[in-house]
Amino acid sequence: MNSAREFLTLSGRWVVEGRRALADGSIWRPQLFPQMLKLGVQSVPVALFVAVFTGIVLALLSSYMFTRAIPLYFVGTLVTKAVMLELGPVLTGMALAGRVGASVAAELGTMRVTEQVDALETLAISPHAYLVTPRVLAATLMFPVVTAMAMAVGVLSGWFTAVNLLDLSSVEFLRGARQFYNFKDIWFGLVKSASFGAAIATMGCVAGLAARGGAEGVGIATTRAVVLGCQAILVLDAFWALVLL
Amino acid sequence: MIEFHAVSKHFGDKVVLDQLSLTIPEGQTTALMGFSGTGKSVALKHIVGLLEPDRGYVEVDGQVVGDLGYDALMELRRTIGYVFQFAALFDSLTVRENLSLGLRRQGLSDQVVAERVAESLALVELPDVADRHPAELSGGMRKRVGIARAIALRPRYILYDEPTTGLDPVTTLAMDELMIRARRELGATSVVVTHDLGSAFAVADRIAFLYEGRIRQVGTVREIRETADPLVREFINARAGMGAPA
């Protein structure tokens, strides 16, 4: 009961602070671009690494499942559908929950335990405007970009695997990919990834700003951010599937 | 003027402040002294609204800090400079950016910000560190930059949280001189949390001695030096035994 009340109080305070911070553009605007570079651009290698192997495994798995019963060109269908609708956004989100969520929580947690967050407040600068808003906005804007790249690389690696390791031509792979293609497949994944970005950055900020004590407190905050970020991705994934599909 | 009215604060089961009442007079330097864990730093944080009392209230210039809305609290904070125990400089920013952040928040022009930064660093005798990061500075230099960040705002009040803790005797003397100079040149009302007796005697006009979350004794430096209170006497004698002037 107490936990529920604390959760609601914290959520309410974050909504109020968030709205106020959003209006304070002179504070967060200069921080936005550096955060987009840090949370988005610098996450590209991790996301692409995950995407390459997702595409390979999907192509191989689908060919294994489709043996004889279903034409092999459906490998193209399954790889593109699965990468765009689900595995691209979710696996990229999970990978970035580790990278982005942990780095945000560790940075803000260290600032909290070394009184840098208090110092901001004494300078009449809202930590929500200076620290939280640019990170959440940057992650929300950049996750779809990173995910789009991961989707493209995932499909390409699936195609490359199909052509080189399976008995499938590029034309057949493309035929399968186009067979059930729907523009919604792309924007559905990108909308999901934007919400994942917002959730991961928010969880990192919540955990980081709640850090107490010293190094141990920062470690706990970092772990918490990653766990909460991954849980948020799964909940949001189910939510968007219910709402948009 | 800063006034504590029966302020109580607890963390879990531990009572840190227990109906603390104290007046910090305008234009003077008041040292808050006492044994470790008696609530000195916690009291300081109540002045800027970093902590809220469980009971009682704190008034600054006649305004109850806990009753202030967001904008009024921000306005109040612009009149207060806060020097943190470990400086709390922003790691990712240079010294210049650390000092500029609060000044830009006040809406000052780039030229005025640059002048204030240069003046403040000159006042703490660190004119050449503006482009360095905090990690490149010694502990004493970081504390002086922390003071520069506070005084750059030209505050009406300066709150020092253990400014000499962990410093060698020479650097401690330099910090004392700096606090005296900051008060003389800015005319700011200062509150210094310390358990460094020598430092308190050097910089303070008045000393408030905290014990178990309450004020045990308040008086001028002379009154505290000559106190008959056995507990305060014990503190002074213990510190004198460690080399501080009694």
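User: In this predicted model, how do the axes of helix 3 (residues 95-105) and helix 5 of chain B lie to each other?

Analyst: The two axes come within 8 Å and cross at roughly 30 degrees.

User: Why is helix 3 of chain B called roughly parallel to helix 5 of chain B?

Analyst: Angles under 35 degrees count as roughly parallel. The crossing is at roughly 30 degrees. Therefore helix 3 of chain B is roughly parallel to helix 5 of chain B.

User: Is the crossing of helix 3 and helix 5 of chain B left-handed or right-handed?

Analyst: Helix 3 of chain B passes helix 5 of chain B in a right-handed crossing.

User: Which residues meet where helix 3 and helix 5 of chain B touch?

Analyst: Helix 3 of chain B brings B:Val95, B:Asn98, B:Leu99 and B:Gly102. Helix 5 of chain B brings B:Val145, B:Ala148 and B:Arg149. By class, this contact has four nonpolar, two polar and one charged residues.

User: Where is B:Ser138, and what separates its C-alpha atom from that of B:Arg96?

Analyst: B:Ser138 sits in the loop between helix 4 (110-123) and helix 5 (139-151) of chain B. The C-alpha atoms of B:Ser138 and B:Arg96 are separated by 16 Å. Along the chain, these residues are 42 apart.

User: How do you know that strand 6 and strand 7 of chain B pair?

Analyst: Pairing needs at least two bridges. Strand 6 and strand 7 (residues 157-161) of chain B have four bridges, in the parallel sense. B:Gly81 stands opposite B:Ile158 in strand 7 of chain B.

User: Which way do the residues of strand 6 (residues 80-83) of chain B point?

Analyst: B:Ile80 and B:Tyr82 point one way, B:Gly81 and B:Val83 the other. All are buried. In a regular strand, side chains alternate between the two faces of the sheet.

User: What makes strand 4 and strand 5 of chain B a pair?

Analyst: The cut-off is at least two bridges. Two bridges join strand 4 of chain B to strand 5 (residues 63-64) of chain B, and the strands run antiparallel. One facing pair is B:Val60 opposite B:Gln63.

User: How many bridges join strand 1 and strand 4 of chain B?

Analyst: Strand 1 (residues 2-11) and strand 4 (residues 55-60) of chain B pair over five bridges, in the antiparallel sense. B:Ile2 stands opposite B:Val60 in strand 4 of chain B.

Methods. Residues are numbered from 1 along each chain as its sequence is written. Chains are lettered from A and ligands numbered from 1 in the order in which they are written. This is a predicted model: local features need pLDDT of at least 70, side-chain atom pairs count only at pLDDT 80 or more; totals for chains, interfaces and linings use all residues. A residue is buried if 20 or more other C-beta atoms lie within 10 Å of its own, exposed if 12 or fewer, and partly exposed in between; C-beta atoms are placed from the backbone. Axes are lines fitted to C-alpha atoms, for helices over the stretch in contact, and angles run from 0 to 180 degrees between N-to-C directions. Angles under 35 degrees count as roughly parallel, over 145 as roughly antiparallel, 65 to 115 as roughly perpendicular and the rest as oblique. A crossing is left-handed if the near helix is turned anticlockwise from the far one by less than a right angle, and right-handed if clockwise. Two residues are in contact if their C-beta atoms, placed from the backbone, lie within 7 Å. Ala, Val, Leu, Ile, Met, Phe, Trp, Tyr, Cys and Pro count as nonpolar, Asp, Glu, Lys and Arg as charged, and the others, Gly among them, as polar.
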